[in-house]
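Trainee: I have the sequence and the model open. Let us go through the structure step by step.

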Amino acid sequence: MLETEQKPPNNRASRRDFLRGSGLAAATTVLTGRATAAIEEARAQDSEVQVLSGEIPLKLNVNGEEKATVAEPRSTLLDTLRNRLDVTGPKRVCDRASCGACTVIVEGETVYSCTTLAVSCQGKAIETIESFDTGPNGVPYAFHQNDGLMCGYCTPGFVTSCKALLDQNKNPTLEEIQRGLDGNICRCGTYGGVFKAALAAAKTMKGA
Amino acid sequence: MNAFEYAGPTSPELAVKAIGRSGAAFLSGGTDLLNRMKDYVATPSRVVYINDIKPLAGVHASGGAMSIGAATKLAAIVHDKTIEAHLPALHRATAEVGTPQLRHMATIGGNLLQRPRCWYYRNGFGLLGMKDGKSLVRTGDNRYHAIFLTDGDALFVNPSSIAAPLIALGAEATLLGPKGERTIAVEKLYQVPKSAADSELTIAADELLTKVTIPRIRGKNATYEIRQKRAYDWPIVLASAALELDGSKVTSAKIILAGVAPIPWRSEEAEAAIVGKELTTESAEAAGAAAVSKAKPLSMNAYKVTLAKVAVKRALLTIAGKKYWEEA
Ligand SMILES: Cc1cc2nc3c(=O)[nH]c(=O)nc-3n(C[C@H](O)[C@H](O)[C@H](O)COP(=O)(O)OP(=O)(O)OC[C@H]3O[C@@H](n4cnc5c(N)ncnc54)[C@H](O)[C@@H]3O)c2cc1C
Ligand code: FES
Ligand code: FES
């Protein structure tokens with residue numbers, strides 16, 4: 001019952017028909033000579049598109065350190081971090097961009113590492129919870145002090161989203177914290193403690 | 001997910017070249033495609049990553065028109081001050097998509113071309129959700145399915161929050177294929193599939209969406225959406241309206257609904273009900289009623305008829321500045 005991604009052949013056929021130059025179609029559609037020329041040029045430089053497959057060497061910049069490993073193109077950033085690079089802060093819960101436990105920061109923005117290919121992260125700065133300040137001015141400490149966790153499985157994701165939020169907004173309101181943490185889910189229901197922790201962290205970070 | 005070849009071209013032209021074979025798919029933010037690949041609903045043998053192609057990203061205003069590259073992240077659209085000021089219909093719809101992480105990842109092109117969320121489709125029963133020649137949707141759990149065009153076999157709803165405002169705003173999509181570029185109205189990206197072999201998208205497998213362009217907007221616009229949960233979910237119903245006004249009299253209207261049909265749903269009934277009228281609570285209410293006058297809900301989703309009616313009314317009243325539901 002599984003489908004492939006292929007879109008229906010009839011679309012492609014009608015497109016070809018159009019390209020043969022039906023006047024009616026041309027009236028609703030614009031062909032740009034320049035784009036066509038560029039494609040011809042691209043075609044001539046066949047080698048410019050490098051196609052990767054199988055186990056490939058990867059270089060990832062994790063928490064300021066260049067790390068080398070080997071993985072297939074289908075390896076997610078999360079699995080590569082956890083299983084190949086022993087960076088196990090980000091957690092695998094839903095594996096479907098639907099919980100936030102795997103949240104990491106790529107080029108300054110939080111993303112779900114379970115739904116990001118590792119191969120596409122080469123050359124980008126990846127930050128995980130491992131790099132955060134664990135002292136009394138850091139976000140992890142605020143979670144500890146404010147009872148921001150129970151089982152703890154969602155916690156690295158929450159701490160990461162919280163840190164990214166506070167990096168961009170030093171003085172968030174409760175509403176802004178709630179919206180900023182919309183992308184993380186806690187099955188144990190520790191939200192009250194999490195929001196308190198975020199407010200406390202904002203306060204100490206400002207004071208620091 | 002299955003193994004695949006990976007290409008990371010550096011230009012739109014090279015991307016089109018790299019896709020040029022059957023079974024290949026463009027990968028942008030990956031928030032839709034990778035999930036379908038993990039569930040084996042999509043099994044491309046080659047993935048062409050387009051999210052880092054510089055010319056495909058960015059918001060550009062020129063001569064009153066606004067062009068948005070297909071690989072522009074939703075977060076960048078939300079942060080754009082011109083879009084916030086002049087295209088609130090687009091701004092609102094984009095700001096509410098998913099979660100902060102999703103808006104950092106997802107792109108406008110991927111949003112327009114994301115595949116339906118129908119759980120029968122997502123579980124391998126095809127777009128029409130058929131088993132042994134019978135519609136699982138019609139006889140099964142159809143609470144989130146269509147309320148228009150339900151005489152046909154396509155009962156899923158188009159999932160994009162962003163298609164509706166773009167269509168209301170008269171936006172065009174530019175597509176680059178192996179033989180050149182073409183520009184079509186955004187609504188022409190979509191079609192109602194007639195058979196299980198059809199797609200709900202008209203774009204060919206080897207065409208790259210490069211940008212959407214919104215023409216100069218003269219009137220006012222707004223989006224109102226209704227959700228079950230604030231985050232992590234799609235709106236159940238969304239209505240976008242773009243009006244031209246002479247004082248408070250509506251001289252032209254475009255009203256598009258999401259979440260109600262297999263394509264973004266243009267409500268000509270609602271448009272006809274409001275054009276020529278003063279924009280008031282009563283005329284907005286009448287337009288909402290007109291919008292659902294031809295709705296034919298399935299066994300479990302009659303509630304959506306009410307939501308669609310209210311969404312149209314509130315989108316119009318947002319334009320009128322009469323957000324009575326926000327007053328305490
Ligand atoms: C939990 C959750 C909640 C969500 N909530 C909402 C919501 O409220 N509203 C909403 O609208 N969406 C919602 N989404 C969907 C999300 O917005 C889309 O998945 C996202 O916008 C797709 O963009 P992408 O860049 O990640 O696309 P991808 O997943 O990379 O691609 C999607 C599809 O488009 C094709 N494609 C992408 N770019 C191009 C291009 N330039 N040219 C040709 N083909 C292309 C791909 O081949 C693929 O088939 C939600 C998703 C999740 C996981
Ligand atoms: S594991 Fe990535 S979002 Fe849940
Ligand atoms: S503390 Fe258990 S899931 Fe959040």
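Trainee: What share of the 208 residues of chain A counts as buried?
Mentor: Note first that this is a predicted model, where local features need pLDDT of at least 70, side-chain atom pairs count only at pLDDT 80 or more, and totals for chains, interfaces and linings use all residues. Residues are numbered from 1 along each chain as its sequence is written, and chains are lettered from A and ligands numbered from 1 in the order written. A residue is buried if 20 or more other C-beta atoms, placed from the backbone, lie within 10 Å of its own. For chain A, with 208 residues, the share is 38%.

Trainee: How many helices and strands are there in chain A?
Mentor: Helices (H or I, at least four residues) and strands (E, at least two) are DSSP runs, numbered from the N terminus. Along the sequence, chain A reads α-α-α-β-β-β-α-β-β-β-α-α-α-α. That pattern holds 8 helices and 6 strands.

Trainee: In what order do the 4 strands of the open sheet lie?
Mentor: Two strands pair if DSSP finds at least two bridges between them. Strands β1 (residues 5-7) and β3 (residues 46-49) of chain B run parallel, joined by 3 bridges, and Tyr6(B) stands opposite Val47(B). The pairing in the open sheet is mixed, and the order is β1(A)-β1(B)-β3(B)-β2(B).

Trainee: Which are the edge strands?
Mentor: An edge strand here pairs on one side only. That picks out β1 (51-52) of chain A together with β2 of chain B.

Trainee: Where does ligand 1 lie, and which element gives the most to its shell?
Mentor: Ligand 1 lies between chains A and B. A residue is near the ligand if its C-beta atom, placed from the backbone, lies within 6 Å of it. Of the 34 residues around ligand 1, those nearest include Gly109(B), Gly110(B) and Asn111(B). With 4 residues, the element that gives the most is α7(B).

Terms used:
A residue is buried if 20 or more other C-beta atoms lie within 10 Å of its own, exposed if 12 or fewer, and partly exposed in between; C-beta atoms are placed from the backbone.
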